[in-house]
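Visitor: Before we talk, could you put the structure up, and then tell me what stands behind the words used for it?

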Amino acid sequence: MMRAALALARRSLGTTWPNPAVGCVMVRDGQVLARGRTRHGGRPHAEADAIAQAAQAGQSLKGATAYVTLEPCSHHGRTPPCADALVAAGIARVVSALEDPDPRVKGQGHARLKAAGLVVEIGEGAVQAAEINAGFLLRVREGRPLFHLKMAGSLDGRIATASGESKWITGEAARRDGHRLRVTHDAILVGAATAEADDPELTCRLPGLEARSPVRIVLDSQARLSTRSKLAASARVTPVWLVCTKSAPADRREALSELGVEIVEVDSGSEGRIDVLAAARALGARGLTRVLVEGGGQVAASFLKAGLVDGISSYRAGLVLGGDGRTAVGGLDFARLGSAPRFRLVSARQLQGDTLETWRRED
């Protein structure tokens, strides 16, 4: 039952920020009575969703067990506390995967359930639940979202030829999977150079999932993004955030803002570039929990040097472009192997002629 709740939580990834993605399954005498998951924008919560579904079916939850992937909330926000809703529904037992570290909850939901006489068990599926909501947990504990780096290149780590040609290094199956990856994140991030060179849309173009396109973010210290770009032209349809320094020209910021682009000002780092740590905090403050970093090489290097890359999806094609090709990651400025960012392999699979490797940062 907890595995089923975890699967429901995964289905909501990329749609629930600033809230976590949570799944809930209600069971009595071995029979599933209702299922719920956190819905778009974080409301309703998974428990409330399951309770509502049971009510619509005329199904009593008295004496049932609720399997939930995160501690039920105990505070009043836009909705009443889920802990109170579970008590009112007559739930007898709650199996909770993980305590919610949010200071507004942090054990209080479990305590409220116990005080009401419910049996509470904590820890079943905790590892998987923490993995699903790693971004939410990071935002609560460190004030920044999870950053996952996507790379698509050759066997020797090149993402384009010396002339800049890159369409297409990887095949159609790998490109489709890249769009699947997009919908599991709250936002996609690229640098100003990628935005200028490729004029990308950064949307999800998988059939039936177009509405799941995440926020599009451009790191652009001087707000150079063209007002005629695809991103600027579609900002009122799918949100675009432009992260720039405070020294960015006011007329550039105003022109983009008039098109619906949200301007996010942060401090500058070396050589007037964006301080990516400041950018990470700014994105966390706006509620993002999971950000997919798609390019280019200098942006990837900046996040790696700052220790902000939590995972990598590497799509590799069976070709070699050579030393004059453009690299997936810019210079990292270290001389010793001990300084290199290290990751461990989580999974590897074939996508027709390409290989997808998923890596997680070593703690």
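The conversation below goes through a few terms and sets them against this structure.

Visitor: What kind of model is this, and how are its residues numbered?
Guide: This is a predicted model, in which local features need pLDDT of at least 70 and side-chain atom pairs count only at pLDDT 80 or more, while totals for chains, interfaces and linings use all residues. Residues are numbered from 1 along each chain as its sequence is written, and side-chain values use heavy atoms, with hydrogens and water left out.

Visitor: Why is alanine 328 called buried?
Guide: Buried means under 20% relative accessible area, exposed over 50%, and partly exposed in between, with a 1.4 Å probe and protein chains only. Alanine 328 has a relative accessible area of 14%, so it is buried. Alanine 328 lies in the loop between strand 14 (326-327) and strand 15 (343-351), where strands (E, at least two residues) and helices (H or I, at least four) are DSSP runs numbered from the N terminus.

Visitor: What is alanine 328 in contact with, leaving aside its neighbours within four places in sequence?
Guide: Contact means heavy atoms within 4.5 Å, and on that basis alanine 328 is in contact with Met151, Gly157, Ile159, Gly296, Gly297 and Ala300.

Visitor: What makes strand 2 and strand 5 edge strands of their sheet?
Guide: Two strands pair if DSSP finds at least two bridges between them. The open sheet has 5 strands in the order 2-1-3-4-5, with mixed pairing. Strand 2 (31-37) and strand 5 (119-122) each have a single partner strand, so one side of each is left without a neighbour in the sheet.

Visitor: How do you know that strand 3 pairs with strand 1 and with strand 4?
Guide: Strand 1 (residues 23-28) is joined to strand 3 (residues 65-68) by 4 bridges, and the two run antiparallel; valine 25 stands opposite tyrosine 67 in strand 3. Strand 3 and strand 4 are also joined by 4 bridges, but run parallel, and here alanine 66 stands opposite valine 94 in strand 4. Since at least two bridges are asked for, 4 bridges are enough in each case. Valine 94 has a further bridge partner, valine 120, in strand 5.

Visitor: Which strands does helix 2 lie across, and which of its residues are buried?
Guide: Helix 2 (residues 46-56) lies across strand 1, strand 2 and strand 3, running at about 130 degrees to strand 2, where angles run from 0 to 180 degrees between N-to-C directions of axes fitted to C-alpha atoms, for helices over the stretch in contact. In helix 2, Ala46, Glu47, Asp49, Ala50, Ile51 and Ala54 are buried, and the buried residues pack against strand 1, strand 2, strand 3 and helix 3 (82-88).

Visitor: What makes a space a cavity, and how many of 30 Å³ or more are there?
Guide: On a 1 Å grid over the protein atoms alone, a cavity is a set of points where a 1.4 Å probe fits but cannot get out, and lining residues have an atom within 4 Å of a point. The structure holds 1 cavity of 30 Å³ or more, and about 70 Å³ of space lies in the largest cavity, a volume being the space filled by probe spheres set on points joined across faces, edges and corners. Of the 14 residues that line the largest cavity, Thr16, Asn19, Asn133, Thr289 and Arg290 are the closest to its centre.

Conventions
1 Å grid on protein atoms, 1.4 Å probe; cavity = no way out; pocket = protein on both sides within 12 Å on 5 of 7 lines; lining within 4 Å.
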